[in-house]
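Please open the structure in a viewer and keep the selection tool at hand.

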Amino acid sequence: MGEQRHGDPGKPGAVERAGDDSGNFAIEDPGLPPHRPRITDEDPRAAKRAERQVSFLFILSIIGTIVFFVGYFGVGQLPLDETDMGIIRLQNTLLGLGTAFAMLGIGVGIVQWGRALMPDHEWVEERESVANEEDRSDAVNMINDIADESQIKRRPLLRNTLIGALAIAPLPAVAMFRDLDNTGNQSEDPAQNFGVERMRHTMWDTGTRLVRDVTGTPIKAEDVTIGSALHVVPDGLLDMEHDKLNQKAKAVVLLMRLNPEQMQISDGREDWHVDGIVAYSKICTHVGCPIALYEQHTHHLLCPCHQSTYDLTQECKVVFGPASHPLPQLPITVDNDGYLVAQSDFQEPVGPVYWERDPRPAEERGA
Amino acid sequence: MSVIQDYQASTKTGKIANFVDTRMGASKMVKEFGRKLFPDHWTFLFGEVALYSFVIVVLSGAFLTFFFDPSMAHVVYDGAYKPLYGVEMSAAYASALDISFEIRGGLFMRQVHHWGALIFVAAASVHMLRVFFTGAFRRPRELNWVVGSVLLILALAAGFTGYSLPDEVLSGNGLRIIDGVMKALPVVGTYMSFFFFGGEFPGDQIIPRLYSLHIMVVPALIILMVAIHLFMVVVHKHTQYPGPGRKHTNVVGYPVGPVYAAKAGGFFFIVFGIIALISGFLQINPIWTYGPYDPSPVSAGTQPDWYIGWVDGILRLMPGMLGDFSMLWHIPMPWGWNALPLGVLIPLIPAGVLIVGMVLWPWLERGMTGDNREHHILDRPRNAPGRTAVGVAGVIFYCVMWAAASSDLMAVYFMLSLNDVAYALRFLLIFGPIIGFIVTKRICLALQRKDREIALHGRETGIIEWTPEGAILERHEMVDDYRLYELVAYETQQPIPAQPNNKGRVGLWSKFKAACSRAFYEDRVEPVTAQELAEAHAEHDQDRRKLQGSVGRTVQELEGKRDNS
């Protein structure tokens, strides 16, 4: 095939078919190889044997169905208030085994029937064109006639107003999805309604006690030893009925203690820690997974989802992985009873970056 | 009316046919499909596996809907599984536990559903690779390739929406990642996340919404696309591999009734049986060990289902900081700063390139080959070295991303540094496809040369003949005509030089196309021509005659000597 263009330039609709010039190959197509008879074609005993094999497989399938019912009724149901995973596993295995035999018996049986007993001659059939030009021109003419009869081309006013109507008619259907976001409409402040502003704020506030996740007990400074990492939530979160997970998704904090001499502290954060006890948002700044791993001898925090690594001694600067900004720090102090409390909310939004996220403090943002 | 009166139904089949045909005209359908031919090859089974596993997933999924409660309402668990007794959770998670422990066979059905889904996506992917590497997407089947691509994307959507439904910690973190990626999108991201979750993450809406998508919208679209896909297969008739007797103008295969129906129908049961076997023995997604969703805990070594791995992996590979240079950019605007997290956005580019490149491939290839003809005979992958090399490069690109989703596990099991694994994968992501392209192309050309050798000189038998003159010849066994035809009957593509446009100038675009075409088709192995074959045969005959001649002479000499003595 030396030519580069196919099809007839005079007839742009004509489609050339590859391989019509098969005469160019080194040898002529010898045609289909001769059919080789199978043993079951020639030997009636072999055919009978194949028949027995297939029916054996079908019987195997019947046995499989019975095994299923043994598993279903014989093993029975897990008694309430008792968790014996062994029973569940046994039942699951019997159901699987029974179904597998029931299905494989039928499937392998039918396939073997087809292979060994049904005729294995390959047939040849002509391949008609997907389309022919005569039909196509008829169809085009028909469409043109239909268009003419409808007069859509002759009457542009009809056409244009119809297009206009059709273009805006789906808009209500789209607009109706507005309430997929059903957080708004309660606040006077429109920014609050859409929740973007809310993403800046967490439950932490001046004097909010740090309490352990799950147990809810408050934490004294001396409870936090060097090397330990506590999962912390704001006091009151665990008792919430409503909105608990939403608040927790923003407010959850990791509390760790460092040797104060190892800490590199930037300006303005000098009093954010209590004798080396620091609190950082637990939500990864990459795409929001909780950071669960603390390696105490390197002081690295590691996100198990995408391996973003933060260095605790450098105020959780990113040292490896896909995150591109440090974890926000929660300024903490000690209250009169000696318990750890927050000085304020986080100074910047926690969690993954979003378009409206402006990390500057409120006065600089002009908010 | 005379026709009906003439037709006398005598057999039972005839009577049923009479009833159905006079009401539905079904005879035409029987005539059309009853003996329709389907070419046979083991690589054609992948599409069938995909179809059958989809059917199994629909059946098992329908069962699960009767017991699953897609609600995020708070409940305190009081079911059969002791370790979670008294734990606060969503109704969705509680009902998923009930399906596992209190509905007999519920766990089995869950496992069938999950394994079936994994196999569905896997089979669809492998089917797609088969279609790609054999060139089955070429005219007139380009649209069906697009429909297939859409099906693959829908399969991922079906998988992900289902994966998240049990509302446990593992899939909850998956949703958290989706939320993070959505929020990263400029301008619309935050809104998208809010509309998706019904407010701030996680909210109390997402599970019922995913459920609607998972059991109604996505499967309806898949069924529609499958119908179009199969309809087009019927319209086009199936492609066939090259070989003697198989032409562009014919179809060689088994008729639907009875052979193909038996094989394909039986194969459905085999796929079902294998999925049942796996589900009976191999535990998947043991949700009771994860606990209910909570934004704080996560376990190390979290993995998404395999088909989401590549997107998760590419997120991991992108460095967020280059030294002290952050990938988080802030754009000053009149109303304040807006944030552009390039660390999350850049990974979307390779993922998009892969998807868009896949969908558009039939047209990209046509641009390089200029081949606009209909093709019904498949290419052997070696006979399309450029395409095969691109396919392998794409597979490597995908697989590196996919492997990256397990970078932490690789580091743990092979005792490597997590960082080194990431560096190595970053290197491979960029250079792996290039190396893969070059190596694959060379392998294809080498295989073509081997085919050429066999066509011209036959197979080496390993029998060495030594003539009395001292010449050493290896006996070659020529292949028969059927095999020979398979080796010589293919076309090569030639690079298309840049074409001048109407004004007689060669534009940049044209030059670019020409450069691509050159990279693909400059090196090629032409098929054996009739003349070469004749020459090779003549040469062999000469050798043989020489050998026979000299053997003959030696025999005469020996006989002469014997007579003399």
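**A guided tour**

Begin by selecting F120(B): beyond its neighbours within four places in sequence, F120(B) is in contact with A50(B), S53(B), F54(B), V57(B) and A155(B) (contact means that C-beta atoms, placed from the backbone, lie within 7 Å). Apart from the core that includes F120(B), L210(A) and L255(A), there is another core, of 10 residues, including F25(A), L456(B), Y490(B) and V528(B). A nonpolar core here is a set of buried Ala, Val, Leu, Ile, Met, Phe, Trp, Tyr and Cys residues joined through C-beta atoms within 7 Å; buried denotes 20 or more other C-beta atoms within 10 Å of a residue's own, with C-beta atoms placed from the backbone.

This is a predicted model, in which local features need pLDDT of at least 70 and side-chain atom pairs count only at pLDDT 80 or more, while totals for chains, interfaces and linings use all residues. Residues are numbered from 1 along each chain as its sequence is written, with chains lettered from A and ligands numbered from 1 in the order in which they are written.

Next, select R139(B) and P140(B), whose peptide bond is cis, with omega near 5 degrees. P140(B) belongs to the loop between α6 and α7 (142-163) of chain B (helices are DSSP runs of H or I, at least four residues, and strands are runs of E, at least two, numbered from the N terminus).

D167(B) is buried, with 26 other C-beta atoms within 10 Å.

Finally, select K237(B), where phi is also positive, about 65 degrees.

Definitions and conventions
Buried ≥ 20, exposed ≤ 12 C-beta atoms within 10 Å, placed from the backbone. Contact = placed C-beta atoms within 7 Å.
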